[in-house]
Amino acid sequence: EEFFKVKKPSFNEVTFRIKKKESLLPAQTEGEESKKICQLEPGVGNTKDTCEEEEEENEDETYSSLNEDYNSSDSENECSSPQRRKDLSPSSIPSAAHVKAARRKRHLARTEADYLPLDVSNSPQVPQRRGSSDLESEDESETKNLDFAPKMKTLRQRMTEDMVSLGDGSSDDEAKWEEQQIKKAVKLSQEICDDASVRKYQPTKPKFDTSVSLPPVNLEIVKKRLTERITSLQDVHRAHQREYEKYMDDIESSKMSVQELEKSSDAALNYKFYRAMKTYVENLINCLNEKLKDINEQEWAVHALLQQRAVRVSKRRQEELKNESAYIQHLTSGNGKPTKGGMEGYEKTQVLEMCEHRRTCRRQAREQSGEGDHHEGLSSDEELTPTKVDEFQKRKDNVLEDSRKIFEDVHADFCDIRKILLKFQEWKEKFPDSYCDAYISFCLPKLLNPLIRVQLISWNPLENFTELEEMPWFRAIEEFSDAENVSESKRGDDHDKEVLPRVIEKTILPKITAFVKSVWDPLSTSQTKNLVQLCNNIFGKQILSKNESSRAREDLMNTVVLRMKKSVEEDVFIPLYPKSTVEDKSSLRSKFQERRFWSAVKLLSNVVRWDGIVQEDKVRDLGLSKLLNRYLLLNILNTPLGPDNIEKCNKVVACLPERWFQDLKGGSTLPELLNFSKHLLQCARVLHKDNHSDETKEVLFLLVKIGALHIVEDFIEEHKLEHLKAMIGK
């Protein structure tokens, strides 16, 4: 038998496929039908490429039976048979009779085992298991496909039908199909043989034999080549290094761009915050401007009530002093006519009786409370009648009720100091630099001024002293000022620490100044104590330590000095009567004179309380030069020597602060106390002459307190009182 091999042209396959699509013969291969099934099932997940691969595999299955034995034997023997390679050469062309006989044999084999061997000599030995397995796998693949069309016949059924039709005679289409299958089998066998021959005749690499000597090598050429190679590699490395650096720069640039983009993405939020803050501040300012008129009215109304009451008390005191002095002068004048400017009959008597009634009530109150060592005249005499008190309280309550309604129609965010400060604290934490650039710390005191004034409408620093630290606005501002700055700012200073001092300077001190100017009574000890305690609380605790020389403080101190000076000029009056007329302590003149003296002593005590707050020279001028030397000392000199005189001197010295005498040098007292020291020395001499040793020692002790040590030393040496040297520290 002759073997042949036909080289398959490239255009035959294309022509064959086109004809298959046009003819749609029942003898189509299993691969074509599989391809159609893939096209009918696009939802299974197979792509176009997968379907094409399945088409190629199915086409190969149609002729796998033709060359299986040949391929297996060919791969085992690596085409070792020269006769077969010779028979499969392109020059061996079979005859027509041979082709017809081979075709008949293949038909017979197809009906028996679905196996088409290319080598007809081995055709009787066809393995039945392979064909059956192929059919089973084919049936399984068919059963896995979805039945979108009528179920296709198996390969065995189609081949049986084809063999029946070929029994009468093969058609032209069948012949053409067989010819194509033969060409594919021959082409595949040729490729396998060519591969095996190439591998067989490929020369093996000889092993290096160390015994064989190598030809001489030019080292310079080798070195030159290596140098060139190294240079080339270095150039490549440098290029890569530059490229790497460029990439790193690009990475850094990208990071910067990302950060800028992130910042730019926050710009919208920042703008939204600033816009909301701007709107909030504008609304807050508009609200405060709208309410400022009501605040001023209510504040002025309360202040006017307090001022009217203070003026009424002061005016009544001056009128009573004038009338009582005129009445006493009238009684002691000896004529039955009233003095000029006095009051007539019942009216005069009624005023004096009312004044005496108030003194009696105060005296009884002191006795019930157990107060001792009290003199008539030390009381302020500021009591009002019950009718006046009720009227004042009613009007004050009405004003306070109206003041509570000022912000009743305002949201808490615009009238609550704590919530307002939280808004600005949020600004400070988010954008500290813009917060500082806007000078918020300098604007807050003025912004909070109306709200603080509303809370202080009912506040009277002269009555019922209250610590500033206990007030709600003070605690809110203090918390805001002491809040830790969690944000990182370019500036190290924190101006919020100065908000509270500025609030006190701009709001509290002016209000205190107004009270001092219009309401404060320097003759009232209780009012003076409360006022001095408040000022010590403000200045002594260093609340204004960073702004000690503030204009508001200077205005307050000047107002205090002017008010005390006015009181000294208008409220102090000590009449001078002959000693013979005041020796009787029960006489009207003596009582009236004593009351006026102790009233002046009380004023001296209130003036000296301002020591350490008001400048010392101004306090000494008011207390010593104007009060002591001009009024008190005259009365002391006119008082007979004795216990009463010593008691008055004791009270005067007790009013003077010890600080004034601590730094005295030369054993001399203050210049303003020289006349008072001389009077004490005269008292000591008289008492020593009358053998009143205890009283003498007491007077000398007063001289030591005011720093007149030289006078005491001279007196001890003069009268040989060596036992009293311990008094002066010798």
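Which residues touch the most other members of the largest nonpolar core? Select Trp 473, Ile 477, Ile 512, Trp 610, Phe 676 and Ile 706, out of 119 residues in that core. This is a predicted model, in which local features need pLDDT of at least 70, side-chain atom pairs count only at pLDDT 80 or more, and totals for chains, interfaces and linings use all residues. Residues are numbered from 1 along each chain as its sequence is written, and side-chain values use heavy atoms, with hydrogens and water left out.

**Stop 1: the cores**

A nonpolar core here is a set of buried Ala, Val, Leu, Ile, Met, Phe, Trp, Tyr and Cys residues joined through side-chain atoms within 4.5 Å. Buried means under 20% relative accessible area, exposed over 50%, and partly exposed in between (1.4 Å probe, protein chains only). Now colour helix H9, residues 219-333. Helices are DSSP runs (H or I, at least four residues), numbered from the N terminus.

Centre on Ile 477. Leave aside its neighbours within four places in sequence, and its contacts are Ile 417, Leu 421, Leu 448, Ile 452, Val 499, Leu 500 and Val 503. Contact means heavy atoms within 4.5 Å. Another core, of five residues, lies apart from the largest one; Leu 321, Tyr 577, Val 582 and Phe 592 are among them.

**Stop 2: H12 against H14**

Show helix H12 (residues 417-430) with H14. Their axes are 11 Å apart and the packing angle is about 170 degrees. Axes are lines fitted to C-alpha atoms, for helices over the stretch in contact, and angles run from 0 to 180 degrees between N-to-C directions. H12 and H14 are therefore roughly antiparallel (angles over 145 degrees).

Next, show side chains. H12 brings Ile 417, Ile 420, Leu 421, Phe 424 and Trp 427. H14 answers with Ile 440, Leu 444, Leu 447, Leu 448, Leu 451, Ile 452 and Gln 455. By class, this contact has 11 nonpolar, one polar and no charged residues. Ala, Val, Leu, Ile, Met, Phe, Trp, Tyr, Cys and Pro count as nonpolar, Asp, Glu, Lys and Arg as charged, and the others, Gly among them, as polar.

**Stop 3: H21 against H22**

Move to helix H21 (residues 616-638) and helix H22 (residues 643-655). The two axes come within 10 Å and cross at roughly 155 degrees. That makes H21 roughly antiparallel to H22. Select Leu 628, Leu 632, Asn 635 and Ile 636 in H21, which meet Asn 645, Lys 648, Cys 649 and Val 652 in H22. The class count for this contact is five nonpolar, two polar and one charged.

**Stop 4: salt bridges**

How many salt bridges are there? The count comes to 23, taking a side-chain nitrogen of Lys or Arg within 4 Å of a carboxyl oxygen of Asp or Glu.

Pick Glu 299 and Arg 453, a salt bridge at 2.7 Å, N to O. Glu 299 sits in helix H9 and Arg 453 in helix H14 (residues 440-455), 154 residues apart. Glu 299 counts as buried at 17% relative accessibility, and Arg 453 counts as buried at 14%.

Then pick Glu 324 and Arg 595, whose closest N and O atoms are 2.1 Å apart. This pair links helix H9 to helix H20 (residues 588-608), across 271 residues. Glu 324 and Arg 595 are buried.

Finish with Glu 718 and Arg 685, bridged at 3.9 Å, N to O. Glu 718 lies in helix H25 (residues 709-718) and Arg 685 in helix H23 (residues 674-689), so the pair ties together parts 33 residues apart in sequence. Glu 718 is partly exposed at 47% relative accessibility, and Arg 685 is partly exposed at 36%.

Notes: Helix = DSSP H or I, 4+ residues; strand = E, 2+ residues; numbered from the N terminus. Parallel < 35°, antiparallel > 145°, perpendicular 65-115°, else oblique.
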